[in-house]
Amino acid sequence: MFTIERFIEQCRAAIAAADAERAVEELVAEAVSDPESVVRALRDPERAGFEVLHRGPDLTVLDFAWAPWMTFKPHNHSMWSVVGIFSGREDSVFWRRTGDTIEARGAHSLGVGDVTRLGRDVIHSVVNPIGKMTRAIHVYGGDFFAPPRPRSEWDPETLAERPWDLDHTRRLFAEADARAGVVPTR
Ligand SMILES: [Fe+2]
């Protein structure tokens, strides 16, 4: 059965391993293979956003809730990450730098039980394509809130690069909630 305490303990041990990313990916895959167990262990979110389950210099674990039909600006992380879905669906468009801007280079779609690993320099934008919240565990190989190198985001309309703005990010979740008239999801 999934518990937050044990999951974090296992992730902390995993990041000390030779291939930390693979080890964390296996832990996240094991967790979301029993999505009901993860749902039971975590809060039932009334709002979209992310809850910090663990924050340290080399590991951050977030409980993510995307609002219904929410779209989220292109951004990078400046650290590797692993995403596992335990409710709903999370689509990503992947981008690459070209000159002063970025261009789309691919996409993937993750459903319940799916896990993906994102490299340190990946740029992606995210869509929740369904009319209920999407829930995911996001694990980052560093301090998500204090990245070792400055993080960027890109204006969704002009694709102009700018410094990552956490306050703007929080507002996007609130606006997406308001547009969707969010009610708690299960
Ligand atoms: Fe991301």
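**Briefing: iron site and overall fold of a predicted model**

The iron ion has three histidine NE2 atoms as its protein donors, from His 75, His 77 and His 124, lying 2.1 Å from it; donors are N, O and S atoms within 2.8 Å of the metal (3.2 Å for Na, K and Ca), and with water not among the atoms, sites may look incomplete. This is a predicted model, in which local features need pLDDT of at least 70 and side-chain atom pairs count only at pLDDT 80 or more, whereas totals for chains, interfaces and linings use all residues. Residues are numbered from 1 along each chain as its sequence is written, and side-chain values use heavy atoms, with hydrogens and water left out.

- Along the chain, the donors of the iron ion follow the spacing H-x1-H-x46-H.
- His 75 belongs to strand β3 (residues 71–76) and His 124 to strand β8 (residues 123–127), so the pair ties together parts that are 49 residues apart in sequence.
- His 75 is buried, at a relative accessible area of 7%; buried means under 20%, exposed over 50% and partly exposed in between (1.4 Å probe, protein chains only).
- His 124 also counts as buried, at 3% relative accessibility.

**Overall fold**

- The protein has 4 helices and 11 strands, assigned as DSSP runs (H or I, at least four residues, for helices; E, at least two, for strands) and numbered from the N terminus.
- The radius of gyration is 16 Å, close to the 16 Å of the globule rule for 186 residues, so the protein is as compact as a globular protein of that length; the radius is taken over C-alpha atoms, and the rule is 2.2 Å times the number of residues to the power 0.38.
- The C-alpha trace spans about 45 × 40 × 25 Å along its principal axes.
- Buried residues make up 50% of the 186 residues.
- Among contacts (heavy atoms within 4.5 Å) with a separation of 6 or more, 75% come from residues 24 or more positions apart.

**Two further residues**

- His 54 lies in strand β1 (residues 49–56) and counts as buried at 15% relative accessibility.
- Not counting residues up to four places away in sequence, His 54 touches Ile 8, Arg 12, Leu 59, Thr 60 and Val 61.
- Ala 160 is placed in the loop between β10 (152–154) and β11 (161–163), and is partly exposed at 38% relative accessibility.
- With the same exclusion of residues up to four places away, Ala 160 touches Glu 153, Trp 154 and Asp 155.
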